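Here are my notes on this structure. Please read them with the model open beside you.

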Amino acid sequence: MEIQGADRIMHLLRSLPYETVSKRGGPVKLALAKGARVLRDQAKTNLQAAIAINGDVSTGLLLENVVATRGKPPTGSRGERYLVRVRKRKYPDRSMTTIPVAYWLEYGTVTQPATPWLRPAFQTKAQDVITIITKDLLRRLELIVRRLGR
């Protein structure tokens, strides 16, 4: 994968006042969120297909708990992170949660073959997500620069 325009974005981020760029995540947070939503939507589509392959009857709980959330910054650095993950919810009348069910679908078990849904979503949409994040971040930074230039 190749990120074009990243040098220009990094230079622009470094030249802006700290308060502008870091305020509640600023433009970086918003651009990452936009990219994460694209990946989340593809993951949901893949999950729906993976459930249908086995002919299972779905309660819809797992599908509605695939979310894109803001995560803690990477260890030892300041920055932004967005994750596409499965929110932990308990199935009604069972002691099972959504997390192991998602894991079993992705990687399989001794009795159930793997039907990956998250990794293929990443592989098919990674370049698109990078492009979306780069373009959106550049657009947001140019708006900030224009506003500061007034």
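1. The chain has six helices and two strands. Along the sequence they run α-α-α-α-β-β-α-α. Helices (H or I, at least four residues) and strands (E, at least two) are DSSP runs, numbered from the N terminus.

2. This is a predicted model: local features need pLDDT of at least 70, side-chain atom pairs count only at pLDDT 80 or more, and totals for chains, interfaces and linings use all residues. Residues are numbered from 1 along each chain as its sequence is written, and side-chain values use heavy atoms, with hydrogens and water left out.

3. Of the chain's 150 residues, 32% count as buried. Buried means under 20% relative accessible area, exposed over 50%, and partly exposed in between (1.4 Å probe, protein chains only).

4. Contacts (heavy atoms within 4.5 Å) come next. Take those in the chain with a separation of 6 or more: 60% join residues 24 or more positions apart.

5. Look at helix 6, residues 118-149. It has 32 residues and reaches 43 Å from its first C-alpha to its last, close to the 46 Å expected at 1.5 Å a residue. The expected span is 1.5 Å times one less than the number of residues. Helix 6 bends by about 55° at K125. That bend is the angle between axes fitted to the seven residues ending there and the seven starting there. Buried residues in helix 6 include A121, I133 and L141.

6. Now find Y107, in helix 5 (residues 98-107). Y107 counts as exposed because its relative accessibility is 55%.
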